[in-house]
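Work through the exercises below with the model open. Try each task before reading its solution.

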Amino acid sequence: MGKFSLGGKRPLIIAGPCSAETKEQTIETAMQLARSGRVDVIRAGVWKPRTQPGTFEGIGEPGLQWLSEVKEATGLPIAVEVANRSHVELALRYGVDLLWIGARTTVSPFAVQEIAESLHDNHDVAILIKNPMTPDIGLWAGAVNRLINEGVPRENIGLIHRGFSYFGHSKYRNPPMWHMIFEMRSRFPEMMMICDPSHICGCRPLLYGIAQQAADLCYDGLIIESHICPDKAWSDASQQVTPEDCITMIDNVMWRAKTTEDPEFTSELNVCRQKIDQIDSELFELLSERMRTSDKIGEIKKANNVAILQSNRWGEICRRMLSMTRGMGLSEEFVSAILETIHLESISRQNEIMNK
């Protein structure tokens with residue numbers, strides 16, 4: 001088998017068990033996925049970073065041997081997570097084609113640097129980097145740059161979106177925070193972006209919805225956890241699906257073209273974009289005028305020794321605007337987010353005026 005190439009296929013489908021537990025479980029899961037013809041890479045975790053000691057932390061090197069046998073039997077590339085130099089060295093010894101850096105590792109520049117240095121002379125292997133657990137684009141981008149600085153070719157590096165830790169209430173295990181992904185893609189537009197619905201959702205019923213949303217947002221593929229008996233899995237049982245259900249989901253996801261050369265499409269799109277450009281220009285002119293007015297209010301407050309924050313006034317603005325925008329096709333969350341951003345900028349500017 002030749003060198004595995006990222007970007008060779010879209011969508012790229014990576015699937016397999018969260019953890020390689022036994023030889024039978026690993027190989028049977030992989031074989032069922034491979035026979036479908038829908039999976040491009042077989043994955044399995046052999047080292048598992050766990051929150052609590054004493055829990056299952058991966059089978060280790062035997063799992064690499066099982067994956068090697070899967071590769072031999074199916075002809076498919078194999079992928080594992082790595083967290084340090086020894087992981088990389090062992091994985092390459094067993095012919096692993098695709099490595100990924102997990103979310104818990106991405107948060108550690110020391111660990112990422114060690115992995116990057118271990119790949120300095122191994123440019124035939126592809127590597128994916130999961131977003132850090134915390135919503136920190138700087139950490140994620142830093143991990144990419146560490147690999148680049150060690151000479152890993154850009155075309156060998158891809159990204160995995162697995163959601164972010166969140167301390168509020170959410171139906172997701174790790175809410176996707178799509179806006180963070182838009183920022184990361186703007187920094188590395190040439191790199192593949194793979195969605196991990198398993199870790200975003202944390203449960204089976206939500207998987208398809210996130211997978212389809214990723215396809216609609218022009219992602220380049222999916223990495224999905226699958227197990228021959230999910231309810232008995234030794235790790236992340238609730239988010240794994242049987243190979244049969246995994247294939248059904250893959251078949252039901254509709255992947256959109258990135259663009260089309262149809263002249264009618266181009267013409268209609270350009271008309272709408274011109275309209276948006278004009279509206280955006282007017283919006284920001286109005287926002288600029290609003291901020292100038294807010295500055296004037298800050299000057300009046302300073303002259304009269306009055307505090308910046310007027311809670312009653314802020315509450316009145318929120319109630320009025322939420323009432324006014326009902327029926328306009330704008331969600332309450334969207335309106336509230338815009339108001340909050342405008343309010344914070346106004347407070348910041350008035351604070352500067354007060355302290356001049």
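**Exercise 1.** Is Arg-35 buried or exposed?

*Solution.* Begin with the ground rules. This is a predicted model, where local features need pLDDT of at least 70, side-chain atom pairs count only at pLDDT 80 or more, and totals for chains, interfaces and linings use all residues. Residues are numbered from 1 along each chain as its sequence is written, and side-chain values use heavy atoms, with hydrogens and water left out.

Now apply the cut-offs: buried is under 20% relative accessible area, exposed is over 50%, and partly exposed is in between (1.4 Å probe, protein chains only). Arg-35 has a relative accessible area of 58%, so Arg-35 is exposed.

**Exercise 2.** Which side chain meets Arg-35 in a salt bridge?

*Solution.* The partner is Glu-28, at 3.8 Å from N to O. Glu-28 is partly exposed, at 31%. A search of the whole structure finds 19 salt bridges.

**Exercise 3.** Locate the salt bridge of Arg-173 and say what the pair ties together.

*Solution.* Step one: the partner is Asp-236, with the closest N and O atoms 3.3 Å apart. Step two: Arg-173 lies in the loop between strand 6 and helix 7, and Asp-236 in the loop between strand 8 (221-225) and helix 10 (243-252). The pair therefore ties together parts that are 63 residues apart in sequence. Helices (H or I, at least four residues) and strands (E, at least two) are DSSP runs, numbered from the N terminus. Step three: Arg-173 is partly exposed at 40%, whereas Asp-236 is buried at 16%.

**Exercise 4.** How many residues apart are Arg-349 and Glu-345 in helix 13?

*Solution.* They are 4 residues apart in helix 13 (residues 332-354), which means about one helical turn separates them. Arg-349 is partly exposed at 26%, and Glu-345 is partly exposed at 38%. Elsewhere, salt bridges that share partners join Arg-10, Arg-185 and Asp-220 into one network.

**Exercise 5.** Why do the buried residues of helix 7 lie on the same side?

*Solution.* List them: Trp-178, Met-180, Ile-181 and Met-184 are buried in helix 7 (residues 178-187). They share a side because they cover an arc of only 150° around the axis, taken from the directions from the helix axis to the C-beta atoms. On the other side of helix 7, His-179 and Ser-186 are exposed. Next, find the neighbours by contact (heavy atoms within 4.5 Å). The buried residues of helix 7 pack against helix 6 (137-149), strand 6 (157-161), strand 7 (193-195) and helix 9 (207-216).

Terms used. A salt bridge is a side-chain nitrogen of Lys or Arg within 4 Å of a carboxyl oxygen of Asp or Glu.
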